Amino acid sequence: MERLQDRVAVITGAGSGIGLATARRFAAEGAKVVCVDISADAGKAVADEVGGEFVACDVSDEASVRELFDGVVKRHGRVDIAFNNAGISPPDDDSILVTGLDAWERVLKVNTTSVFFCCKYAIPHMQRQGKGSIINTASFVALLGAATSQIAYTASKGGVLAMTRELGVQFAREGIRINALCPGPVATPLLMDLFAKDPERAARRLVHVPMGRFAEPEEIAAAVAFLASDDASFMTAAQFVVDGGITGAYVTPL
Ligand code: NAD
């Protein structure tokens, strides 16, 4: 399938996990991929692999994000797809009782303010084009509460979800589709480092997943490619849930 032939796609957090799998998928579908990451080694490696371009950028820095999208349009003439995906989930973000302001502000800045910046500086280009697709990575934790709290992360993803809905509505008649992706737990470095390599902590979560496993990054990338493509032409302001059944479950299979 070459649904993204010659489209210019920006992916933040392209160096690892969901972003990396999506860079590969977008390239396989014909897109010109701009791989954005704060880590130069990881970002460069994926850009080289997919024949794309690497741009080093801290997405929580407003000037850098403005320069990112302006630079992409200067060099490539347009920006068709923005997958605003970079995010963090640090160990010092925990129960509200022990989480400090520093962790709270850091997580909100990287996970939510970054999406505000990426949308703010991608949308004007898409308005000029009269077309564009933005996908913001939220999470299933924006929809469900967990007793194993990461309070800042959860709040940050709730912010992404609500912001995305509003932007989708505001720009719908200008040809710009803006959707939120809500993945369930995915076997990426972010999740594995956090808890998945501890069997007990993994089992506590997997009991809630009807499919009984974590997602592979490629399964999320396939959903992103759909949202980015014209196959999703009637979708905007949506929360696109790809969660192995978690949000639909009460009692899961044994
Ligand atoms: P990951 O840690 O594997 O990759 C994240 C990438 O973002 C890394 O390459 C990192 O260098 C980059 N990054 C971090 N901070 C950055 C910054 N300030 N500027 C630019 N790049 C930065 O993570 P992942 O699991 O692939 O997660 C991707 C997104 O999906 C995140 O927003 C995450 O919250 C979300 N998500 C993940 C899961 C999961 O279970 N893994 C579930 C739901 C949502």
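Predicted model: local features only at pLDDT ≥ 70, side-chain atom pairs only at ≥ 80, totals over all residues.
1. By class, the residues around the ligand are 15 nonpolar, 10 polar and three charged. There are 28 residues around the ligand, and those that come nearest are S16, D37, Y153, V186 and T188.

2. N85 takes part through its backbone, with an N or O atom 2.8 Å from an oxygen atom of the ligand. As for burial, the ligand taken alone exposes 830 Å², and the protein buries 92% of that.

3. Which helices each supply at least two residues of the shell around the ligand? They are helix 1 (17-28), helix 5 (151-170) and helix 6 (189-196). Helix 6 gives the most, with three residues.

4. A second site may be worth a look while you have the model open. The second largest pocket has a volume of about 230 Å³. Its lining counts 18 residues, and K131, G132, G175, R177 and S233 are the closest to the pocket centre. By class, this lining splits into six nonpolar, six polar and six charged residues. Strand 5 (132-137) and strand 6 (176-183) each contribute at least two residues to the lining.

5. Finally, the overall fold. The protein chain has eight helices and seven strands. Along the principal axes, its C-alpha atoms fill a box of roughly 50 × 40 × 35 Å. How does the radius of gyration sit with what a compact globule would have? The chain has 17 Å, which agrees with a compact globule, because with 254 residues such a globule would have a radius of gyration near 18 Å.

Conventions
Residues numbered from 1 in each chain as written. Heavy atoms only, no water. Near = heavy atom within 4 Å. Polar contact = N/O pair within 3.5 Å; in protein donor to acceptor, adjacent residues only side chain to side chain. Areas by Shrake-Rupley, 256 points an atom, 1.4 Å probe, with all protein chains shown as cover. Helix = DSSP H or I, 4+ residues; strand = E, 2+ residues; numbered from the N terminus. Nonpolar A, V, L, I, M, F, W, Y, C, P; charged D, E, K, R; others polar. 1 Å grid on protein atoms, 1.4 Å probe; cavity = no way out; pocket = protein on both sides within 12 Å on 5 of 7 lines; lining within 4 Å. Points joined across faces, edges and corners; volume = space filled by probe spheres on them. Rg over C-alpha atoms; globule rule 2.2 N^0.38 Å.
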